[in-house]
Amino acid sequence: MNAHLVAFPREASVEQHPSLLPAIEVTGLGKTYELRPVLRNISFTLKAGGTAALLGANGAGKTTLLRILATLVKPSAGQGTVMGYDVVRDAAALRRLIGYVGHQPHVYDDLTARENLLFFARMYGLAGAAKRTDALLERVGLRAKSRERVRTLSRGQTQRLAIARGILHEPRLLLLDEPDTGLDEEASTLLDELITERAATGGATLLTTHNIAHGLSRGEDTLVLAGGRLTYNGPSRVLSPGDVRELFVARRRER
Amino acid sequence: MSDTRLFWSQVWAIIWKDLRCELRSRQVWIGMGLFALLVLVVFNFAFDLRTDNLVAVAPGALWVAFVFASMLGLGRTFNAEQDRGSMDRLLLCPVDRKAIYLAKLLGNVLFITAVEIVAVPVFAVIYNIPIITGLLIPVVLGGTIGIASIGTLFSAVAANTRAREVLLPLLVFPMIVPIVIGAVKATQSLVSPVSGDAPWLGLVLAFDVIFLSLSALTFQYVVEE
């Protein structure tokens with residue numbers, strides 16, 4: 001089912017077609033787990049078609065932020081919208097517009113690669129699911145393995161399948177949580193190509209990675225999280241990997 | 001695609017996926033079936049069954065076997081999704097949570113019914129009771145739906161806890177007491193009809209409706225944060 005068939009968000013007006021709205025708009029977002037703040041007062045905007053890298057040390061809150069934007073976790077404070085849809089109020093409608101790839105593939109081991117994609121295509125109500133599935137398997141280099149059970153695939157091949165599932169429904173916003181885990185160089189290059197292709201067609205991407213240089217080269221903008229706070233929000237080109245490392249520890253020094 | 005068509009297409013997709021995974025891994029069906037047969041055999045030796053107490057005891061043994069075997073399958077409903085992390089991916093899909101619940105429930109009913117189809121003839125032979133009649137179908141199906149409806153809901157609750165294997169029976173057993181009592185009594189009535197007996201099957205079906213409605217309404221709050 002195409003994204004343009006989805007009803008207009010409440011905030012959108014005639015002047016604000018969804019494709020013109022920011023891909024992500026977050027204001028004062030916070031998340032607390034059992035009185036422990038994980039995210040504090042996060043505010044940023046990602047323009048439609050933009051690509052941003054979300055960098056931070058372990059436990060900085062990157063995955064939590066991504067999971068809030070993916071509607072899997074509710075924020076404790078503040079507000080977040082994706083393509084004008086509120087991540088809490090409009091979660092059901094928003095799920096059609098979001099693709100998510102985590103560092104673990106989380107696919108069904110007892111199904112084949114093709115069956116996995118066909119299953120998710122049916123969950124998204126996609127028309128022409130078989131054709132789309134076969135094209136995607138070809139694109140991620142799994143055509144020859146498409147009828148083999150996932151448990152027989154290598155870690156990298158399974159991650160390629162997870163990437164294919166993430167873009168299966170052509171999401172307007174792709175959230176990538178350390179997607180390179182287990183990927184070889186060829187697959188990593190493929191991921192770069194997919195991100196570039198998406199940007200060219202107006203699809204936005206927010207990605208996290210522990211490879212700072214890779215993050216800076218992939219994202220035109222960079223967000224740095226440290227101790228649950230946003231310590232940098234700006235263009236990637238003015239940052240070096242050393243600067244980012246400084247931003248990681250600056251927060252610790254402040255504390 | 002209309003919303004209703006999409007809903008049923010998603011329900012069927014989840015059932016198909018679970019069935020295919022189970023047929024390939026054979027983790028649940030064989031274990032459930034063997035367990036049910038073992039319980040029937042053990043009870044047959046454990047009780048001093050005579051003609052005068054057979055009707056009172058045997059239906060109870062049959063339903064205890066069904067309930068114990070069901071627990072094995074119910075526990076796997078969401079544990080498998082949780083263990084491989086696929087539950088999050090399922091929740092990320094634009095799918096009504098009621099569709100997930102309904103699919104998992106129907107899958108469980110299918111798994112349990114398959115075990116019952118094997119266990120009932122074995123029970124009839126071991127206990128020498130002429131139980132296989134057309135009227136047994138609504139009794140067994142009614143009891144199974146009741147156990148599966150509440151079991152599917154609590155399986156989702158327990159899947160997020162560390163002591164899930166212990167927690168599931170602790171949550172489910174007290175809730176299904178009226179279903180089990182009604183099903184046992186209805187089964188007894190089939191074997192040895194008593195005039196003026198209470199409408200036990202009606203009680204089972206009434207609890208089915210209550211459990212199904214409550215579970216479908218609360219499921220969303222169980223699986224979402």
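Student: What share of the 255 residues of chain A counts as buried, and how is that decided in this model?

Tutor: In this predicted model, 51% of the 255 residues of chain A count as buried, where a residue is called buried if 20 or more other C-beta atoms lie within 10 Å of its own.

Student: Why is A:Asn41 called partly exposed?

Tutor: A:Asn41 has 14 other C-beta atoms within 10 Å; buried would require 20 or more and exposed 12 or fewer, so A:Asn41 is partly exposed. The residue is found in strand S2 (residues 36-46) of chain A, and its phi is positive, about 50 degrees, although A:Asn41 is not a glycine.

Student: Why is B:Asn128 called exposed?

Tutor: The count for B:Asn128 is 12 other C-beta atoms within 10 Å, and since the limit for exposed is 12 or fewer, B:Asn128 is exposed. B:Asn128 is placed in the loop between helix H5 (97-126) and H6 of chain B, and its phi, near 55 degrees, is a positive value in a residue other than glycine.

Student: What makes B:Arg84 partly exposed, and which residues is it in contact with?

Tutor: B:Arg84 has 18 other C-beta atoms within 10 Å, a value between the limits of 12 or fewer for exposed and 20 or more for buried, and therefore B:Arg84 is partly exposed. Leaving aside neighbours within four places in sequence, B:Arg84 is in contact with A:His106 and A:Asp109. B:Arg84 is found in the loop between helix H3 (51-83) and helix H4 (86-92) of chain B.

Student: How many residues does each chain bring to the contact between chain A and chain B, and which element of chain B gives the most?

Tutor: The contact takes 21 residues from chain B and 21 residues from chain A. On the side of chain B that touches chain A, the elements giving two or more residues are helix H1 (3-25) and H4 of chain B, and H1(B) gives the most, with nine residues. That side divides into nine nonpolar, five polar and seven charged residues.

Student: Which residues touch the most other members of the largest nonpolar core?

Tutor: Of the 139 residues in that core, A:Leu54, A:Leu69, A:Val82, A:Leu117, A:Leu173 and A:Leu175 touch the most other members, while H3(B) gives the most to this core, with 12 residues. Not counting residues up to four places away in sequence, A:Leu54 touches several residues, including A:Leu65, A:Leu206 and A:Leu225.

Student: How do you know that the span of H8(B) is close to the expected one?

Tutor: Helix H8 (residues 177-191) of chain B has 15 residues and reaches 21 Å from its first C-alpha to its last, close to the 21 Å expected at 1.5 Å a residue. Among the buried residues of H8(B) are B:Ile179, B:Ala183 and B:Leu190, and the buried residues of this helix pack against H3, helix H6 (136-159) and helix H9 (200-223) of chain B.

Student: What makes S2 and S5 of chain A edge strands?

Tutor: The open sheet of four strands has the order S2-S1-S4-S5 (chain A), with antiparallel pairing, and S2 and strand S5 (85-86) of chain A each pair on one side only.

Student: Why do strand S1 (residues 24-33) and strand S4 (residues 77-82) of chain A count as a pair?

Tutor: Pairing requires at least two bridges, and S1 and S4 of chain A are joined in the antiparallel sense over five bridges, so the two strands count as a pair. In S4(A), A:Thr81 is the bridge partner of A:Glu25.

Terms used:
Residues numbered from 1 in each chain as written. Chains lettered and ligands numbered in written order. Predicted model: local features only at pLDDT ≥ 70, side-chain atom pairs only at ≥ 80, totals over all residues. Contact = placed C-beta atoms within 7 Å. Core = buried A, V, L, I, M, F, W, Y, C linked by C-beta atoms within 7 Å. Expected span 1.5 Å × (residues − 1). Nonpolar A, V, L, I, M, F, W, Y, C, P; charged D, E, K, R; others polar.
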